[in-house]
Amino acid sequence: MVNQIDPRVVRTGQLIREAFRELLRLRSFDTITIKDIAERATINRATFYTHYEDKYALLDEIIEQAFRKMIPGPVEHALEFTDEICNELILMTYRYILDFYEICRMDSKSIATLVDEKIKQLLQQIIERIFVKGDHPHSADPNQTTILAAMTGSAIYSAAYQWFKAGEKERTDLLVDIIRPYVMNGLGLHYI
């Protein structure tokens with residue numbers, strides 16, 4: 001276990017993450033090796049392994065750090081799942097997808113699947129936390145809360161990803177107008 005407070009350890013972690021990000025801009029995830037990351041970070045492979053189990057653990061951390069940095073204050077502190085919070089989650093997810101897919105070479109199915117699953121998981125955690133904090137109709141049943149949060153997070157991510165694939169970068173207002181009613185009605189928070 002590495003000492004996360006030691007400035008040298010922190011700096012080495014930053015070097016590893018930056019080297020990996022640079023490599024992702026240039027090459028597909030599948031072709032990047034630990035040796036490549038270590039060489040670009042100017043460390044040896046053993047040092048890499050004191051920080052990360054493998055490149056998948058590194059990718060997981062990078063995805064999560066970038067996503068968490070994008071969480072707006074109102075979402076972070078939300079006590080209930082409102083239209084505004086839903087809008088923020090949709091827009092944040094779409095912006096994350098734009099940023100990630102513009103930075104990384106996405107000619108690898110494996111990285112796309114890893115990113116998709118990680119973001120859905122993070123959305124689920126955020127939404128579940130809001131449901132539990134608030135007065136959501138199903139918050140008394142933890143299993144039901146988890147299922148609804150997973151479905152909601154998956155719906156938001158999938159819709160934002162399809163919007164990205166369709167190339168509708170300028171029309172985020174329309175994206176929100178399409179997805180929010182579906183999500184809110186599905187949760188029983190609004191009725192048509």
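Where is the place of Thr42? Thr42 sits in the loop between α2 and α3 (45-51). The model described here is predicted. The protein has nine helices and zero strands, and buried residues make up 43% of its 192 residues.

**Overall makeup**

- Read from the N terminus, the elements run α-α-α-α-α-α-α-α-α.
- Among the contacts with a separation of 6 or more, 66% join residues 24 or more positions apart.
- The accessible surface comes to about 10500 Å², and carbon and sulfur atoms account for 53% of that surface.

**The largest nonpolar core**

- The largest nonpolar core has 59 residues, and Ile37, Phe81 and Leu89 are those with the most contacts inside it.
- At least two residues of this core come from each of α1 (7-26), α2 (34-41), α4 (55-70), α6 (83-103), α7 (109-133), α8 (142-166) and α9 (172-186).
- Helix α6 gives the most to this core, with eleven residues.
- Leaving aside neighbours within four places in sequence, Leu89 is in contact with Val75, Phe81, Leu123, Ile126, Ile127 and Ile156.

**The pair α1 and α4**

- Two packed helices are described by the angle between their axes and the distance between the axes.
- For α1 and α4 the angle is about 95°, and the axes are 11 Å apart.
- Angles of 65 to 115 degrees count as roughly perpendicular, so α1 and α4 are roughly perpendicular to each other.
- On the α1 side the residues of the contact are Ile16, Arg17, Phe20, Arg21 and Leu24. On the α4 side they are Lys55, Leu58, Leu59, Glu61, Ile62 and Gln65.
- The residues of this contact divide into six nonpolar, one polar and four charged.

**Arg17 in α1**

- Arg17 is found in helix α1 and has a relative accessible area of 15%. Buried means under 20%, so Arg17 is buried.
- Apart from neighbours within four places in sequence, Arg17 is in contact with Val10, Tyr52, Leu58, Glu61, Ile62 and Gln65.

**Ile85 in α6 and Arg180 in α9**

- Ile85 lies in helix α6, and Arg180 lies in helix α9.
- Ile85 is buried, with a relative accessible area of 7%. Arg180 also counts as buried, at 19% relative accessibility.
- Ile85 and Arg180 are 95 residues apart in sequence, while their C-alpha atoms are 9.8 Å apart in space.
- Arg180 and Ile90 are 90 residues apart along the chain, and 7.9 Å separates their C-alpha atoms.
- Not counting residues up to four places away in sequence, Arg180 touches Asp83, Cys86, Asn87 and Ile90.
- Leaving aside neighbours within four places in sequence, Ile85 is in contact with Pro74, Val75, Ala78, Glu80 and Ile130.

- Thr42 has a positive phi of about 55° although it is not a glycine.
- The relative accessibility of Thr42 is 67%. Exposed means over 50%, so Thr42 counts as exposed.

Note on methods:
Residues are numbered from 1 along each chain as its sequence is written. This is a predicted model: local features need pLDDT of at least 70, side-chain atom pairs count only at pLDDT 80 or more; totals for chains, interfaces and linings use all residues. Side-chain values use heavy atoms; hydrogens and water are left out. Helices (H or I, at least four residues) and strands (E, at least two) are DSSP runs, numbered from the N terminus. Buried means under 20% relative accessible area, exposed over 50%, partly exposed in between (1.4 Å probe, protein chains only). Contact means heavy atoms within 4.5 Å. Accessible areas come from the Shrake-Rupley method with a 1.4 Å probe; for residues, only the protein chains shown count as cover. A nonpolar core is a set of buried Ala, Val, Leu, Ile, Met, Phe, Trp, Tyr and Cys residues joined through side-chain atoms within 4.5 Å. Axes are lines fitted to C-alpha atoms, for helices over the stretch in contact, and angles run from 0 to 180 degrees between N-to-C directions. Angles under 35 degrees count as roughly parallel, over 145 as roughly antiparallel, 65 to 115 as roughly perpendicular and the rest as oblique. Ala, Val, Leu, Ile, Met, Phe, Trp, Tyr, Cys and Pro count as nonpolar, Asp, Glu, Lys and Arg as charged, and the others, Gly among them, as polar.
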